[in-house]
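Please open the model in your viewer and keep the selection panel at hand.

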Amino acid sequence: MINKVPHSAHQLIDQFGRVVDYIRLSITDRCDFRCVYCMAETMTFLPRDEVLSLEECARLVKIFVGLGVSKVRITGGEPLVRKNALWLFKEIGQLKNLNELVLTSNGSQLEKHALDLKNAGVKRINISLDSLDAARFKKITRTGELDQVLRGIRAAKNVGFESIKLNTVLMRGVNDDEAIPLVKFAIEHAIDIAFIEEMPLGDISHDREATFCSNQDTLKKLQNQYPLIASTETTGGPARYWRVANSNTKIGFISPHSHNFCEDCNRVRITCKGELYLCLGQEDKIDLMPLLRDHPNDDQAVIQAILASMAIKPKGHDFDLRRAKPAVVRFMSHTGG
Ligand code: SAM
Ligand code: SF4
């Protein structure tokens, strides 16, 4: 166990000595895509009053930043389909002690919003891209248009974010032959790419064990094609990075199955319902929405609940693809990626 030396502003330290300085906030469970590994074909989304208002989201982020959080990722569902999402980015972007405001998006709305997001203070963007073939892209996302996403990536590149990273989920027999073309695309556009192993979150229609594609295999494939230099960079998460020699591209491998990344975990997740999940792969949570709504003018109850949650942050996840039922019944789009 690594015990980090906490900065004096850090008030979120769990029972294993891990400092929590990073939150991921899902601002909607809705999405314009229905990616096969993320959602079922027909989804029932939450009624509006069961979702945090944007004002409640802003209040929560401010409270977390007051407790020492310095990095906030806005995610979803698709965060940019939420009406007035830009207002929230502007509010968060102004917080004094926040170092990094970042976004995960499917790219569909980026052509419209990239510049405003940059101006609001978003530093980095992760954009999901699982295929460069339009028909296959449609099959994976069920509703997505590849061209629209490529235009979004171009727009993000043009406005000059500090970094852009593609997120790719490879599935055996579906798109696992695209590891090299997708890396080539990333190199050509001088952006990064991360391969995410599929996680057993939510009850979906395909057999995840059959489509599971190990990052170790993907790494071997890429090493045969490109000179890769191992990087010591770490984000406190499950990603391990390699630099492609003579390029501006890093390749990340997010491997919840192959690596035990939990020791350095520095993050918690907040769903669009205001549930504070202490681990992506476990059920331990605290409901913050009732506290926010019962105490509209006093943050103390919320602060105390967040501080107390540190005692129940689990040591690690418990993913196993061979289980008949998903390890965690909630969808990634609910918890936020
Ligand atoms: N809609 C945005 C997007 O697609 O980037 C943000 C939310 S999405 C849930 C965040 C990330 O989670 C995406 O990169 C997606 O590929 C990934 N994801 C969703 N379900 C997953 C699963 N079961 N296993 C691994 N990654 C998953
Ligand atoms: Fe939507 Fe992102 Fe899930 Fe795809 S991965 S369905 S884009 S939330």
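Is Cys213 buried or exposed? Cys213 has a relative accessible area of 12% and is therefore buried (buried means under 20% relative accessible area, exposed over 50%, partly exposed in between, with a 1.4 Å probe and protein chains only). The model is predicted: local features need pLDDT of at least 70 and side-chain atom pairs pLDDT 80 or more, whereas totals for chains, interfaces and linings use all residues. Residues are numbered from 1 along each chain as its sequence is written, chains are lettered from A and ligands numbered from 1 in the order in which they are written, and side-chain values use heavy atoms, without hydrogens and water.

Select ligand 1 next. Of the 19 residues around ligand 1, the nearest are Tyr37, Gly77, Ser105, Ser128 and Met199 (a residue counts as near if one of its heavy atoms lies within 4 Å). Now display the polar contacts, which are pairs of N or O atoms within 3.5 Å. An oxygen atom of ligand 1 lies 2.6 Å from a polar side-chain atom of Ser128, and a side-chain N or O atom of Glu78 is 3.2 Å from a nitrogen atom of the ligand.

Move to ligand 2. Around ligand 2 are Cys31, Phe33, Arg34, Cys35, Cys38, Met39, Gly77 and Asn106. This shell divides into five nonpolar, two polar and one charged residue (Ala, Val, Leu, Ile, Met, Phe, Trp, Tyr, Cys and Pro count as nonpolar, Asp, Glu, Lys and Arg as charged, and the others, Gly among them, as polar). Within the shell, select Cys35: its relative accessibility is 13%, so Cys35 counts as buried. Finally, search for disulfides, defined as pairs of cysteine sulfur atoms within 2.5 Å; the count is zero.

Definitions and conventions:
Polar contact = N/O pair within 3.5 Å; in protein donor to acceptor, adjacent residues only side chain to side chain.
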